[in-house]
Amino acid sequence: MSTTQSPQKYEFQAEIKQVLDIVIHSLYTEKEIFVRELVSNASDALEKLRHLQLTEKSIYDDKLDLEINITTDDKAKTVTIQDFGVGMTRDELVENLGTVAHSGSKAFLKALSESGQKNANLIGQFGVGFYSAFMVAKSVKVYTHSWKNDQPGQIWTSDGSGSYEIEEADGQRRGAKIVIELKDECAEFSQDWRIKETLERYSAFVSFPINLNGKRINTVQALWLRNKNEIKDEEYTEFYKFQAHAGDEPRYRLHFSADAPLSINALLFVPKENPEKFGFARSEPSVSLYCRKVMIDAKPKDLLPEWLRFLKGVVDSEDLPLNISRESMQDKALLDKLGKVITKRFLKFLEEEAKSRTDGYNEFFSEFGIYLKEGAAIDFGHKDQITKLLRYESSLTEKGKTTSLADYVSRMQSEQKEIYYLIGSNRAAIESGPYLEGLKARNFEVLFCYESVDEYVMNNVREFDGKKLVAADHADVKLPDVPQSKEGALGEAETKSLLDWLKQTLGDRVAEVKASERLVDSPAVALNADKFMSPHMRRMMKAINKEGSETPLRVNLEINPRHAVIKRLAAAQTSAPDKAALVAEQILDNALIAAGLLEDPTKMVARIYKLLESV
Ligand code: ADP
Ligand code: MG
């Protein structure tokens with residue numbers, strides 16, 4: 001190759017000098033991103049050429065394949081990235097590599113001045129395009145020939161220190177060949193394996209072939225950009241395993257694209273099993289963010305809401321800059337918008353699955369429902385949509401079968417105003433408790449909640465379809481009257497006197513004593529009178545020895561004036577007051593046991609012996 005003119009020296013624009021200064025002096029650890037940046041430039045240049053081939057009659061070196069060739073030389077400590085794309089003329093070299101006009105460096109500088117810090121991490125987020133090469137380079141040479149036939153080849157050279165040179169050179173292939181002479185401490189990038197690893201990480205889906213030292217690197221296609229009617233199930237599964245580093249087969253997949261309000265191509269997967277199930281660590285968000293097949297962020301934190309952290313896959317949007325930043329408000333708003341569109345679409349997908357493939361959905365829910373519950377409780381923007389997707393067993397379902405809240409509402413009695421639920425460790429515990437019977441007697445359905453988050457979820461969701469969600473074991477629950485046979489029940493005056501006596505006898509152990517309309521088969525029930533702490537919460541706090549479990553219990557005791565035990569008590573109250581007092585205490589303890597609230601059983605044992613003595 002011969003040069004026809006002597007090299008000409010140029011100064012970088014002041015802003016570029018600033019960028020270079022930061023890049024060169026940064027101790028940024030992920031220096032490998034320069035590979036991503038240069039490959040994405042190469043891919044852009046090839047894309048532009050492909051376009052020109054459709055419209056231009058004459059293109060320089062037109063026989064060349066549209067590919068990217070990378071070579072490493074660990075003796076010379078160089079790495080070379082060559083593409084057969086559009087290349088650059090002398091003017092374009094000056095314009096594109098010497099000024100800030102086109103480059104992503106503009107946004108970098110803006111963020112830098114906004115954040116007011118010389119933050120090396122910004123390099124990672126922005127990439128800083130072409131200049132990132134200077135993180136690892138002693139010198140960079142760009143050998144290039146434009147696609148235009150009448151333009152000579154050029155060599156651009158710089159050590160990044162303020163100026164660069166351009167000289168004309170014959171014998172160049174079309175496109176750009178970037179030769180990086182590595183700094184000694186960055187010599188690792190002249191090793192085949194190091195570049196390979198980096199390409200696999202960032203550039204696995206670039207659509208032009210990438211060859212490293214003669215070997216093809218990117219063999220997996222960017223499936224998300226293909227037409228879904230042409231993709232086989234096995235291809236999806238293979239992609240999932242590759243992209244999510246997964247060993248299982250996906251349970252669900254959702255492949256969609258949208259043009260408005262943003263251009264989106266997304267391919268999402270739900271794994272077979274919940275990875276957090278066995279107490280494993282909390283998953284990281286793992287839907288990766290791409291811009292035209294080049295990865296921007298493998299684990300973007302601000303894309304999807306937290307509760308969707310079980311999703312895998314890829315979101316690609318042309319509307320995102322490759323150098324998107326979490327710091328820039330504009331970019332954050334863009335990510336937010338993107339996240340909202342994807343979340344809405346995924347929720348709609350689940351709704352369709354629940355409707356048309358119910359068994360599969362129920363299986364999904366038993367594995368991943370916990371995430372939906374988290375979403376219903378804290379993702380205010382999607383609460384209604386998520387609540388529709390929740391499933392619970394109920395007093396009307398069989399064991400192991402569930403209902404949606406919508407179906408519950410459709411079965412509600414005309415006089416029923418609220419949605420009732422009970423919390424307990426399992427079905428048997430709830431069914432044998434005293435709280436269900438009054439609701440059952442009125443034909444009111446009750447949702448059964450077995451998970452420790454359920455109480456939190458119910459308290460946060462608060463209502464569904466305009467109906468309040470109400471814990472059926474709370475003292476405030478007002479049930480409409482059911483006609484109960486008054487026959488054989490205590491009369492009004494007897495009941496009143498028994499209630500007064502009970503309050504006096506039990507003292508501070510109860511807040512209130514009332515006659516109950518809700519009881520059918522039980523003599524008495526203890527109802528939580530504490531607005532701020534449910535019995536369930538109290539048990540949990542006790543279990544973890546948390547503050548608050550020591551505050552005195554506040555319960556209301558409700559008695560059943562139709563029950564034989566209560567009738568006997570009313571009689572004994574006058575005939576054998578001492579024994580009656582023991583029985584009253586025991587009735588309260590029994591009610592507390594049923595509610596899971598008895599804290600110290602030792603007194604009870606002594607009392608029972610006393611009662612047994614009198615038999
Ligand atoms: P960006 O890619 O965001 O525009 P870069 O700093 O990566 O910013 O690149 C600056 C410009 O240099 C590009 O816009 C492009 O015009 C030009 N360029 C970089 N690499 C190549 C290449 N391999 N072939 C042709 N043009 C290139
Ligand atoms: Mg670029």
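Here are a few friendly questions and answers on some residues of this predicted model.

The model is predicted, and local features need pLDDT of at least 70, side-chain atom pairs count only at pLDDT 80 or more, and totals for chains, interfaces and linings use all residues. Residues are numbered from 1 along each chain as its sequence is written, chains are lettered from A and ligands numbered from 1 in the order in which they are written, and side-chain values use heavy atoms, with hydrogens and water left out.

User: Why is glutamate 32 called buried?
Analyst: Buried means under 20% relative accessible area, exposed over 50%, and partly exposed in between (1.4 Å probe, protein chains only). Glutamate 32 has 11% relative accessibility, so it counts as buried.

User: Which residues is glutamate 32 in contact with, leaving aside its neighbours within four places in sequence?
Analyst: With those neighbours left out, they are Phe189, Arg194, Thr198, Arg201 and Tyr202. Contact means heavy atoms within 4.5 Å.

User: What is the phi of asparagine 213 and of asparagine 443?
Analyst: Asparagine 213 has a positive phi of about 45° although it is not a glycine. For asparagine 443, also not a glycine, the positive phi is about 60°.

User: What makes the peptide bond from alanine 260 to proline 261 cis?
Analyst: Its omega is near 0°.
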